[in-house]
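Please read it alongside the model.

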Amino acid sequence: MDKLVVKNINKVFENGDGIRDISFKVKKGEFVTLLGPSGCGKTTILRAIGGFNQIDSGSIALDNQEIHHIKPENRPTSMVFQSYNLWPHMNIYRNLAFGLKIRKMKKKDMDKKIKDTLDMLHIRDQIKKYPKQLSGGQKQRVAIARSLVLEPSVLLLDEPFSALDAKIRKEMRKEIKRIQLETGITIVFVTHDQEEAMGLSDRIIVMNKGTIEQIGTPNEVYENPSTYFVANFMGEMNFLQVNGQRIGFRPEDIVIEEQGMYRATIIASTLVGHYVSVDCMIHDEKVVLYVSKELSTVCQKGNEIGFSVTNEHVYAS
Ligand SMILES: Nc1ncnc2c1ncn2[C@@H]1O[C@H](COP(=O)(O)OP(=O)(O)OP(=O)(O)O)[C@@H](O)[C@H]1O
């Protein structure tokens, strides 16, 4: 079942930046990520869904109801901002209670809901603290709890872990995935980190310069990048100019064989754990090949090797 349907939305700012003709659907319980470089329009889309950006044209529907005319506070969505946006003068309990009071929830029900949500995020012991007394990771947990407590129809997460250090960031990724599996909530997530997108998402929407380049599962986007931009953006990809076409292939999608399609001269070879990363030149173009450790003697600097490509992509050059 489609939970969220974004149809042909446009939002162009006065300076000409913005998003153009954006359409995608998100199923109930799905984790969908908007991925792309800085400035490609990810946040603009998320803010449009949350109601913080008025769209110029197109429509946004949740559960078959158009929502793009509704004020953000009345939409059944909740957004977690990059900067947390916690209320500094309220303790954690009151930060979470705020939205529930507006909904006139009874005190007893509200207490239970807040405690259960803080339990889920492992921060119930922080309930009386104020935001400034919390670490970055704890603040992020409170911000997520404050959204979850409202039981939104869709949870919107804008680069929620960008301010956290690498270790906490990894922890929070696991947490958000666990929470999603536990609650079955539908999530639209924004990141420019392809590893984060690959690890968390059911589907990824790859964006570039205000438009969508490709929508697919992490595997589809990685194995079959449909445009040169996606091929270049997602993971490591070699490109060669062959007969006026641009051929792309991943360093791992090769076999070393004497009679292979390509001949290359090795310029460097580095053991990386269980495989060897081999830098080669094919005429004046550099490519990187990953080969198994057993072949390291063949793949020495200065040697000439033959190889074939097992998964090749062709793009217009
Ligand atoms: N209120 C605004 N007024 C003018 N231009 C804006 C406004 N908001 C965003 N933009 C521009 O629109 C483009 C898309 O911005 P957006 O914040 O959506 O990108 P993003 O992909 O989320 O980037 P980042 O990863 O850096 O947050 C950018 O060029 C940005 O400068």
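Of the 317 residues in the protein, 36% are buried (20 or more other C-beta atoms within 10 Å of the residue's own, with C-beta atoms placed from the backbone). This is a predicted model, in which local features need pLDDT of at least 70, side-chain atom pairs count only at pLDDT 80 or more, and totals for chains, interfaces and linings use all residues. Residues are numbered from 1 along each chain as its sequence is written.

**Overall fold**
- The protein has eight helices and 18 strands, taken as DSSP runs (helices H or I, at least four residues; strands E, at least two) and numbered from the N terminus.
- Along the principal axes, the C-alpha atoms fill a box of roughly 75 × 45 × 35 Å.

**Helix pair**
- Helix 2 (residues 92–102) packs on helix 3 (residues 107–120) at an angle of about 125°, and their axes are 10 Å apart; axes are lines fitted to C-alpha atoms over the stretch in contact, and angles run from 0 to 180 degrees between N-to-C directions.
- The contact (C-beta atoms, placed from the backbone, within 7 Å) involves Y93, L96, A97 and L100 of helix 2 and M110, K113, I114 and T117 of helix 3.

**Ligand surroundings**
- The ligand is surrounded by 13 residues, the closest being F13, D17, S38, T43 and T44; a residue counts as near if its C-beta atom, placed from the backbone, lies within 6 Å.
- Helix 1 (residues 42–50) gives the most to this shell, with three residues.

Methods. Two residues are in contact if their C-beta atoms, placed from the backbone, lie within 7 Å. A residue is buried if 20 or more other C-beta atoms lie within 10 Å of its own, exposed if 12 or fewer, and partly exposed in between; C-beta atoms are placed from the backbone.
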